[in-house]
Amino acid sequence: MRDRLLTAIRARRASRKGGPVQERLLAAVRARLERALSGGEPGAVLEPDALAEMDALLAFVDSAGEPDVDVLYALGWLCWLRVQVLPPGEWDDDLQLAVMMFRPVFAVEPSAVPEPLREFYAQEPAAVDDERFVPEDLMPGEVDERFVPAEDDERFIPEDLVLGGDDDTEPSILTDQGVALMEWYERTGDPDALQAAIGLFRAALDAVPPGHPKRDLCRSNLISALGTWHDDSDDPEPLREVVAVLRVAAREDPAEVQDLSAALRMLFDRTGDLGALREAIALRRTPGADANDLNELGGLLRRLYEQTGDPAALDDAVAAHRSSVRRTGADDPDLPGRLAGLAGALQTLFERTGDPDALREAITTGRRAVDDAPPDYPHRAVGLANLGVSLRTSFELTGSLADLHEAVEAHRACAAATPDGHPLRAGRLINLANTLRALADRTGDAAALAEAVRAGRTAVAALPADHPGRAALLSSLGNSLFALAERTDDTGVLAEGVDLTREAVAATPEGHAVRARNLSNLAVALVLLHESTGDPEPLREAVATGRAAVAAADGAWSELSGYLATLGRALLRLFALSGDRRDLAEARTVLARAAALPAATAEDRITAGRSLATACSLAGDTEAALAAMETVVALLPLVAPRDLRRADREHRLGETAGIAARAAGTALAAGRPERAVELLEQARGLLLTEDMDARTEVDRLRAAAPDLADAFVRLRDRMASLDPPTDGREGDRALAARRRAAASEWDALLSRIRARDGLTDFLAPPSINALLHQTGPGPIILVTADHDRGDALILTTPGADTTATDAGDRSGASAGTAPDANTGASAGLSADAASGARTSSGAGTGRGAGTGFGASAGPSADAGSGAGGGRVRHVPLPGLTDAAVRAYGDRFLAARRVALGGRDGRARAEDELHDVLGWLWDTVAAPVLDALGYTGVPRGAWPRVWWCPVGVLAYLPLHAAGHHHDLVADVPPRTVMDRVVSSYTPTIRALAYARRETERENGSALIVAMPETPDMAPLPGADAEAHRVAGLLADPTVLRTRAATRKAVLKALPDHSVVHFACHTATDWDDPGANRLLLHDHAVRPLTVAEISRQRLTGADLAYLSACGTSDTHPRLVDEAVHITAAFQLAGYRTTIGTLWPLSDRVATQVAEEVYAALTDGGARPPDTACAALALHHALRRVRAAFLDAPTLWAGQIHAGA
């Protein structure tokens, strides 16, 4: 019998023609029968999947239509075989089903059914019409109550399918058949089974009239199946059908309106259908709306604004969210979600208006939403997402690194809480990508950028090509790729970014609020492509795309300034190619508009203003160019507000590098050298001057407004205490809040002070007259290089004769330079002369003092070079441009790095340094000194000059400029060192600060020596230096090795007017405020620039820093003078000796001994610190005489201050 059965099954399989789902199910049952009959696996019919296959296949058994014999045949045998292997008492349902399944088969082909059933059907009385009836003789064993069919048995099909009364049989069967197919789909993923189930659910719903108690169940089944279809396919059609079904339901029952609104929102999110969004909003706008309705309404209105840019929609959204929060109790579990909604709306309000109060409230509300939500709160991820966006925006606005780190953490947590397949996962990943890209830009973290690209790619891949949210993801990924291409010079990455940005624009419909942003991003991408390839076509397209972006933007948007600036810069580049002055005129128009937009951030206005100045200069309108740069300089303080951490303020100002030189060049082109000086002073050293003024102006305030002086001092000191050293991950939100409050108090107090008579200019930038009165005993020489010009501005005391009267034409040899100086060069390269170098650890940055500037040339302006009159002398320096300075600076740093690195290549590197010093003489020093009349070695007293280099010029030793190898008798020396005594000052006001009248101490000295420093190379010369210096001073305090801790040094500084350090330093270009002197406990309690700057020392005269690179800082921050030398000046020291690079241990000891011997007359009197510059000058000339061929040994120490 078994063989005959298998043959029959295979024959039916071969002749079978049915639907795909039924065929697959039938094939599965037949395969199971073969396993049981011929495979030796009788238990195959008892496996759990056997029941699933049976239930799903039963859905195709239509008792009202023509019976499907093949299906019934397979099901019958499956049930019959189960009866054979099941233990007694467990096969009753299977036997009943077998009897039912085989009855139609018997009517067609009696031989196809088991023999016992053939006999039964042949003898079955006509009166027995109950298909559930099973005669006793068919049952293997005695019949008892256990075999009576149970009406609640889930496998008892006829009874179980009934929903209601006798009239409901058809929809009941349709529903259960659909359920069975859904279960099969969930097991197998068979899409045909899903579509068949949906068809059955539709039929069931149609068959149940409105008002029927089971109609909700039928509708729910259909909506659930349609939702499964959408979730698994992302096809929008099922959402449209859900909306249609719920529209009918809402007409039948108003309680369904909320579900309809939610479905419409989902349809909009998937398709961008504005009609669906507006309908959802209309449904939520109901009288007496509760907190939940208002929260949902706010979210819908915010979406409407994001699509249309309608400001009324956004205002309504904020109002709805506020009402929702007000109506939610403090203990309501839904409060965190409603706070998150309000935070998101406030963030969007800031993006539209640029109102910082809206952003601050968004952050405060977002933090509350996250903090109040339990870890398992279902909407906590929404709060994290909104908070992360607001914190990143705060970083972009203020530069707060702490906010950026917190934003990264929030987005990481949000992404981790959003599983794969979640409809919002793509958007949350792109938020993380955007924030990581910002972190990479801020810190240079390559890993963060790589992660941003990966997250962006994952986000884009998660959405189908027709998803309305995909455009934003494409644009963001494009931006990350542009950043990556800039770092790697990978043109393939750049091209991919451009393609993605094009795709983003194509996917953004006309009228969409984000279209302007995507168009502007594409314009930027096309300019980058032009720069990379030189092809003019991308540039022309960039201009057209930029125009389209501006046209698509709302005039009140804060982002509009950026769009306009992008267009303006593209037009300037196009003008450079085409020479078409219409492009230049249009650039001026759009850039002027960008620079004047009140809603724009200070950064955007500064960017636009700089480009506007370039456009005006190219047009020959020097006055307009100057006006643009004056506005830019006036905006600089807004870039680094007082409510930020010091490190963040420094970084923000570093991003504006180059403005000072540009402003000066523009003023000089307009023939206004005095204004150039004022702008240079106003645009540099902002934080340094801010601190100095806050200390020096107190006496003036006490005299004019004593009632406000104490309040000023208390607030000043409190603000200083709110900026403790941190690692950039502040963590203490309360500290940041206190800084914001103190900054507001400061602004208010400053307004009150300036309202008093005689104090209108309190802490205001000084006029040229005030600056000229700070020149003192020698000229101040500001040297600046712009894109197409270089200039020196010489300030002298009013009424002073700027021509030297004591200079002659005596040779360098007669001035004390040994006639055989060249022969001493070999000694300069000897191992013992350079051994034990005092070096900088580099703080792990991998940069150190040898990193270059990277020559960069940009748009140029047609600036004039007419000399200025009056007390500011303008000396044009035509060979000095920004590009030249950077190129020679790179050469100098590279050669210096080789020269200090060891013997290999040292001689050639030192020759290279001489070449740069010669260029520096020819280009800068010679024209300046000639203009001052310093043409030879002085006959009597040496004249002093104060160099004030601007920008990266500060890296070049102007004091050592010259052709040192041609020092011969009877020839005027072409070297600075043989004509004047040089000092440096970062700004004119810094020099005035150093010259201020203070109580002078008696010359007591503190010596700090670190011959051995943890984790650093030994400095054997530090002990010898400390011993020799101590021998020239009266009873100095000496702190050595373990005794030289941060606490001990800071405690000792106020009691001594002279401090001498012989130690290592650590420099970090990424965080110059963390540059530090390496004391014994430097690893845990470093003595940093920030800590030194906070000191307020009275009677401090001389800080001698016999350490490496104390004047080293990031090129972007040289104008801010964020380095150790300037920190000691700010702390109160009138004069400071510092270094530009690592020192030779032996030479450092020799120079220190000679300087102190000159200051103390060989130890016979307290040090005369006013002579420090002259003493250093002569000591270095003597080192040069011995080691002429090695500038690294005699050009690296400088004098700064009075």
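This is a predicted model: local features need pLDDT of at least 70, side-chain atom pairs count only at pLDDT 80 or more; totals for chains, interfaces and linings use all residues.
Setting aside neighbours within four places in sequence, Leu795 is in contact with Val677, Leu771, Leu772, Thr775, Pro779, Ile780, Leu782, Arg871, Val872 and Ile988.

Leu795 also belongs to the largest nonpolar core, which has 223 residues. Leu795 is among those with the most contacts inside that core, together with Phe102, Val105, Val677 and Leu793. Helix 4, residues 69-85, gives the most to the core, at twelve residues. There is a second, separate core of 73 residues, and Leu956, Met977, Val1183 and Ala1195 are included in it.

Next, a helix pair. How do helix 15 and helix 16 run relative to each other? The axes of helix 15, residues 311-326, and helix 16, residues 335-353, cross at roughly 155° and come within 9 Å. Angles over 145 degrees count as roughly antiparallel, so that is the class for helix 15 and helix 16. Their crossing is left-handed.

On the helix 15 side, the residues that meet helix 16 include Leu314, Val318 and Val325, along with Asp315 and Arg322. Helix 16 brings, among others, Leu335, Leu339, Leu342, Leu346 and Leu349, and also Arg338 and Arg352. By type, the residues of this contact divide into ten nonpolar, four polar and four charged.

Last, Arg593, in helix 27, residues 581-596. Is Arg593 buried, partly exposed or exposed? Its relative accessibility is 42%, so Arg593 counts as partly exposed. Arg593 and Ala565 are 28 residues apart in sequence, with a C-alpha to C-alpha distance of 8.9 Å.

Conventions:
Residues are numbered from 1 along each chain as its sequence is written. Side-chain values use heavy atoms; hydrogens and water are left out. A nonpolar core is a set of buried Ala, Val, Leu, Ile, Met, Phe, Trp, Tyr and Cys residues joined through side-chain atoms within 4.5 Å. Buried means under 20% relative accessible area, exposed over 50%, partly exposed in between (1.4 Å probe, protein chains only). Helices (H or I, at least four residues) and strands (E, at least two) are DSSP runs, numbered from the N terminus. Contact means heavy atoms within 4.5 Å. Axes are lines fitted to C-alpha atoms, for helices over the stretch in contact, and angles run from 0 to 180 degrees between N-to-C directions. Angles under 35 degrees count as roughly parallel, over 145 as roughly antiparallel, 65 to 115 as roughly perpendicular and the rest as oblique. A crossing is left-handed if the near helix is turned anticlockwise from the far one by less than a right angle, and right-handed if clockwise. Ala, Val, Leu, Ile, Met, Phe, Trp, Tyr, Cys and Pro count as nonpolar, Asp, Glu, Lys and Arg as charged, and the others, Gly among them, as polar.
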